[in-house]
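Trainee: Please take a close look at one loop of this model, and then connect it to the rest of the chain. I would like to follow the backbone details before the side chains.

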Amino acid sequence: MQAATRPALLRHALAACLLASLAFAATPSRAADATATSITQIDAGHFAQAEATITEALANPATDAAQKEALLFQRERMRRILLDFKLDADAVKARLRKQIPDLSDAEFAVWDAQGLLEKQVIDGRTLYFNRAPGNLFRISAEARARRKDPVPFDDGPNEVLNDHHRAIRAAAIRTGSSSVLPMREQVTQTVTVHADAVPAGETLRAWLPFPREITGQQEGVRLVGHSAGDATVSGTDVLQRTVYLEQKAVAGKPTVFSITWEATLYARDFNIDPAKVVASPITPELKPFVQERAPHIVYTDALKAYSKKVVGNETNPYRIAQKLFAAVDTIPWAGAREYSTISNISDYTLHAGHGDCGEQTLLLITLLRYNGIPARWQSGWMFSDGKYNNIHDWGQVYLAPYGWVPMDVTFGRLNGDAKLEYFYLGGLDAYRVAFNDDFSQPFQPRAKQFFRSETVDSQRGEVEWKGGNLYFDQWDYDFSWHRVDPSRGDASARR
């Protein structure tokens, strides 16, 4: 073989450099595309392919820090999905037969084919959602009728029409105020990290949700006490407010973080007259609340078609909101997989045929925004005069001339009184506190260093240490509460 001349060698070298530079220039976009590709692969259940995509992109020296973070989260998302989906068909049948002893394989197959048992095919394995057996009885009336011992569900007392709703409406009419029946509550929240979750002596960092001042809804918010050490409280303008605490882990002992706070909580009722509602000009302040916000508020083709079917030719903003509220209310509540595992919550809920409070709320918010009606998120915690309490999500809708009014599509329509049927489209019970006035907001002033366990909401808390995030399976949370002022009435209703 004849040796190459110096000019030829130079041309080859220049060509090689050019090709290398072109490849390098194209790499960042390929790295960004890798995240989108891995999301699609994970949603399709192709975890091995997604892992290969992620590994290749992470090995690329041109992948920047933000892209690496996004790719690493997709790897973490697969781990979390596998925590939520652990059951095979035999395990689901075994659980169902505790309530339906004579369940046949054929009967199971029918419900399975109807999509009533949430599952994913992951790398060829069919895995069912851990809560699918229990959810079946909420989704299917036929399955409920087959239960051996049909005990009622543990739902909140305000999810059905009761005297509290009637008292709210009566007080709102009598006083002319939309904020009535104040209650002063003291609440203690705890996060308990499992013993030996981290090595002894290591510092655990915890963020516990904390309420904001919201005029006419929750006022006089005051931190009363907290567990040992210093506490850093977010500013009042932070939309997902927290109290930040630190403690060192002790061998063989759980680590308990706690805060105690007080607030005056108001019931709300705008008692909306549909005839008075007009289309609101979209001011700069309102504009963000009629826009898409990926990944969970996106105007997909399926959502547009669903909206058209529900709304029809209606033009009155309240009537549009009412129609959409009623439509989403027909989607049955069911226990949800972790939000961080879902790539688009509103789209997921539209197609799943069931959803929990946050999923239903995000779907309704997306539908309202698509119709030009401003809508936004609220979430926190709800309780009762008894033992019932739970974390909960709801929202707000802007209806001129009333302004921002509450909406809780999970509680939905209240049967039994036509005047109060749509109470939760413009009203709210007093037995709740909002921790969040938006979703997926960063913690301030102390930011998390690692992935959050909950990437959308902030109700249970967050914990991490220098070795990484502690996921929900490594700690527990709890609430206790009591009324500080046992008197209650509308004498101090806001005007």
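Mentor: Strands here are DSSP runs of E with at least two residues, numbered from the N terminus, and helices are runs of H or I with at least four. The model is predicted. The loop to look at lies between β14 and β15, and Ser440 is in it. Strand β14 covers residues 432-436 and β15 covers 462-465.

Ser440 has a positive phi of about 50°, although it is not a glycine. Its relative accessibility is 32%; because buried means under 20% and exposed means over 50%, Ser440 counts as partly exposed. The loop between β14 and β15 also holds Pro445.

The bond from Ala400 to Pro401 is cis, with omega near 10°, and Pro401 sits in the loop between β11 and β12, the latter being residues 403-407. Asp196 has a positive phi of about 65° and is not a glycine. Asp196 belongs to the loop between β4 and β5, with β5 at residues 203-209. Gly353, which follows helix α11, has a positive phi near 80°.

Now the side chains. Salt bridges link Arg205, Lys448, Glu462 and Glu464 into a network. Over the whole structure the search finds 28 salt bridges, and three of them can be followed through Arg483 and Arg166.

Arg483 pairs with Glu185, and the closest N and O atoms are 2.5 Å apart. Arg483 lies in strand β17 (residues 475-485) and Glu185 in strand β4 (residues 179-193), so this pair ties together parts that are 298 residues apart in sequence. The accessibilities of the two partners fall in separate classes: Glu185 is buried, with a relative accessible area of 1%, whereas Arg483 is partly exposed at 22%.

Arg483 also meets Asp385 in a salt bridge, at 3.0 Å from N to O. Here too the pair links distant parts of the chain, with Asp385 in the loop between β10 (375-383) and β11 (389-399) and Arg483 in strand β17, 98 residues away. Asp385 counts as exposed, at 56% relative accessibility.

The pair of Arg166 and Asp163 is a local one by contrast with those links: the closest N and O atoms are 2.9 Å apart, and the two residues are separated by about one helical turn because they are three residues apart in helix α8 (residues 163-175). An α-helix has 3.6 residues a turn, so residues three or four places apart point the same way. Arg166 is partly exposed at 39%, and Asp163 is exposed at 59%.

Next, the interior. In soluble globular proteins, nonpolar side chains tend to be buried together. The largest nonpolar core in this model has 90 residues, and Leu204 and Leu368 have the most contacts inside it. Helix α10 (residues 317-329) gives the most to this core, with eight residues. Leaving aside neighbours within four places in sequence, Leu368 touches Ala321, Leu324, Ile373, Ala375, Val397 and Met407. A second, separate core has 29 residues, including Ile122, Ala132, Leu136 and Ile139.

Helix α11 (residues 345-352) has Ile345, Ser346, Tyr348, Thr349 and Leu350 as its buried residues. These pack against α9 (301-311) and α12 (357-370).

One glycine in a strand is also worth a look. Gly220 is in strand β6 (residues 218-226), and is partly exposed, with a relative accessible area of 34%. Beyond four places in sequence, Gly220 is in contact with Arg184, Glu213, Glu262 and Ala263.

The chain averages a pLDDT of 93, and 92% of the residues score at least 70. Over residues 1-28, however, the pLDDT is below 50, and this stretch has seven contacts in the model beyond near neighbours in sequence. Where pLDDT is low, the predicted coordinates should not be read in detail.

How values were computed
Residues numbered from 1 in each chain as written. Heavy atoms only, no water. Buried < 20%, exposed > 50% of the residue type's maximum accessible area, 1.4 Å probe, protein only. Contact = heavy atoms within 4.5 Å. Salt bridge = Lys/Arg side-chain N within 4 Å of Asp/Glu carboxyl O. Core = buried A, V, L, I, M, F, W, Y, C linked by side-chain atoms within 4.5 Å. pLDDT = per-residue confidence, 0-100.
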